[in-house]
Amino acid sequence: MIKFKKSEKIAAKDRTVFGGWEKKVIQPSTAAKRIAENNEIDPKLINIDEFEEMAIRLGYWRTR
C-alpha cells in the first residue's frame, strides 16, 4: 500500500499525476515512479498493479 505524505503541496502533485494517468497522458510506470518520488518512497517498491489499484480507490479510472 502506498503511504502518502500529508502535505497539500505534495497532494497537488499527486493529483496532477493521477489525472495525467487517467487521461492517458502519463504511462502507468512513469506515474507510479512520480508518485513514489513525490512521497519519498523507493520507486522500486511500488509496482504498476499496486499503483493502478490505489488510483481506482482514489476515484481515478483509466480504461485499458
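This section describes helix packing, the nonpolar core and selected loop residues in a predicted model.

The protein chain has an average pLDDT of 87, and 91% of the residues score at least 70. Among the elements of the chain, the highest mean pLDDT, 93, belongs to α2, and the lowest, 89, to α3.

Helices α1 and α2 pack with their axes 10 Å apart and at an angle of about 175°. Because angles over 145 degrees count as roughly antiparallel, α1 is assigned as roughly antiparallel to α2. On the α1 side, the contact is formed by I10, K13, D14, V17, F18 and W21, which meet P28, A31, R34, I35 and N38 of α2. Sorted by class, the residues of this contact comprise 7 nonpolar, 1 polar and 3 charged.

The packing of α2 on α3 has another geometry. Helix α2 spans residues 28-38 and helix α3 spans residues 48-57; their axes are 9 Å apart, at an angle of about 80°. This value falls in the range of 65 to 115 degrees, and the two helices are therefore roughly perpendicular to each other. In α2 the contact involves P28, S29, A31, A32 and I35, and in α3 it involves I48, F51 and E52. Of the residues in the contact of α2 with α3, 6 are nonpolar, 1 is polar and 1 is charged. P28, A31 and I35 of α2 take part in the contact with α1 and also in the contact with α3.

The largest nonpolar core consists of 12 residues: V17, F18, W21, I26, A31, A32, I35, A36, I46, F51, A55 and Y60. Helices α1, α2 and α3 are the elements that give two or more residues to this core, and α2 gives the most, with 4 residues. Within the core, W21 belongs to the set of residues listed and also lies in the α1 contact with α2. Leaving aside residues up to four places away in sequence, W21 touches I26, P28, A31, F51, E52, A55, Y60, W61 and R62.

The C-alpha atoms of I46 and I35 are 9.1 Å apart in space, with a separation of 11 residues in sequence. E40 lies in the loop between α2 and α3 as well. E40 has a positive phi, near 55°, in a residue other than glycine.

A positive phi of about 65° is also found at K24, which is not a glycine. K24 is located in the loop between α1 and α2 and is partly exposed, with a relative accessible area of 41%.

In the segment before α1 (8-22), S7 was examined. S7 has a relative accessible area of 26% and is therefore partly exposed. S7 and N39 are 32 residues apart in sequence, and their C-alpha atoms are 9.5 Å apart in space.

How values were computed. Residues are numbered from 1 along each chain as its sequence is written. This is a predicted model: local features need pLDDT of at least 70, side-chain atom pairs count only at pLDDT 80 or more; totals for chains, interfaces and linings use all residues. Side-chain values use heavy atoms; hydrogens and water are left out. Axes are lines fitted to C-alpha atoms, for helices over the stretch in contact, and angles run from 0 to 180 degrees between N-to-C directions. Angles under 35 degrees count as roughly parallel, over 145 as roughly antiparallel, 65 to 115 as roughly perpendicular and the rest as oblique. Contact means heavy atoms within 4.5 Å. Ala, Val, Leu, Ile, Met, Phe, Trp, Tyr, Cys and Pro count as nonpolar, Asp, Glu, Lys and Arg as charged, and the others, Gly among them, as polar. Buried means under 20% relative accessible area, exposed over 50%, partly exposed in between (1.4 Å probe, protein chains only). pLDDT is the predictor's confidence in each residue, from 0 to 100. A nonpolar core is a set of buried Ala, Val, Leu, Ile, Met, Phe, Trp, Tyr and Cys residues joined through side-chain atoms within 4.5 Å.
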